[in-house]
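This report concerns a single protein chain. Please look over the sequence and the model before reading on.

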Amino acid sequence: MPNDRSQHRPLILASASQVRLALLQAAGLHATAVPARIDEEAVRGSLTAASASPRDIADALAEMKARKLADRHPEALVLGCDQVLAFRDQIFGKPETRADATAQLRTLRGQTHKLLSAVVLYDAAKPVWRHVSEARLTMHNFSDTYLDGYVDRNWPAISASVGGYLLEAEGVRLFSAVEGDYFTILGLPLLPLLSYLGLRGFIET
């Protein structure tokens, strides 16, 4: 039987993502966010050059984030997350400028791409669980006029999203079909995580 102490372990989200933090807190978890400072672009570039799969890239980045904070907070559960957008042989990151966002969305329009969301959980500074979920999203063949207006209306918020869109906001209008778990698209496979936490007695079930 889980004891009260196991259900009150601090949970640290190794991320600055307010969306992920809000998902955890809305599920009744007492989570705090502490950004893990790693050079994601350099790591992603190195792994891509080594022909790592998008799934392995997402998993590796999630683990790096979790491990960095777990070393500092061995008493806590530490959750690392990462999301990779894969389209054909390209890996997309977060757009740095409006022009980047426009170019990414122009490439993706009328096409189907994949989002892979990885989570890695550390307990006592050791990895104990990992999961990668995948979603497939198909975009409308929207006009240049709508694309330009969308980026203007939603910048800089979309700079926090790989691919340059936020499905939970106006970005939903860009899509004709979505296959996969909504939480995966938001960057946190929440249901598998909650199942594991309940199985281990970290949360009440």
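## Confidence

The model is predicted. Its mean pLDDT is 93, and 96% of the residues reach 70 or more. Residues 1-5 have a pLDDT below 50, and beyond near neighbours in sequence this stretch has two contacts in the model. Where pLDDT is low, the predicted coordinates should not be read in detail.

Strand 6 (residues 126-139) pairs with strand 5 (residues 112-123) in the antiparallel sense, over 12 bridges. Within this pairing, Leu-121 lies opposite Trp-129 of strand 6. Two residues separate the strands of the hairpin, in which Ala-124 adopts a positive phi near 55 degrees.

Strand 6 is also joined to strand 7 (residues 175-179), again antiparallel, by four bridges. Here Leu-137 stands opposite Val-178 in strand 7.

## Largest pocket

The volume of the largest pocket is about 700 Å³. Its lining comprises 32 residues, of which Ser-15, Ser-17, Arg-20, Lys-94 and Ala-160 are the closest to the pocket centre. Two or more lining residues come from each of helix 1 (18-26), helix 2 (40-49), strand 3 (77-87) and helix 6 (182-186).

By residue class, the lining of the largest pocket holds 15 nonpolar, seven polar and 10 charged residues.

Key. Residues numbered from 1 in each chain as written. Predicted model: local features only at pLDDT ≥ 70, side-chain atom pairs only at ≥ 80, totals over all residues. Heavy atoms only, no water. pLDDT = per-residue confidence, 0-100. Contact = heavy atoms within 4.5 Å. Pairing = 2+ DSSP bridges. 1 Å grid on protein atoms, 1.4 Å probe; cavity = no way out; pocket = protein on both sides within 12 Å on 5 of 7 lines; lining within 4 Å. Points joined across faces, edges and corners; volume = space filled by probe spheres on them. Nonpolar A, V, L, I, M, F, W, Y, C, P; charged D, E, K, R; others polar.
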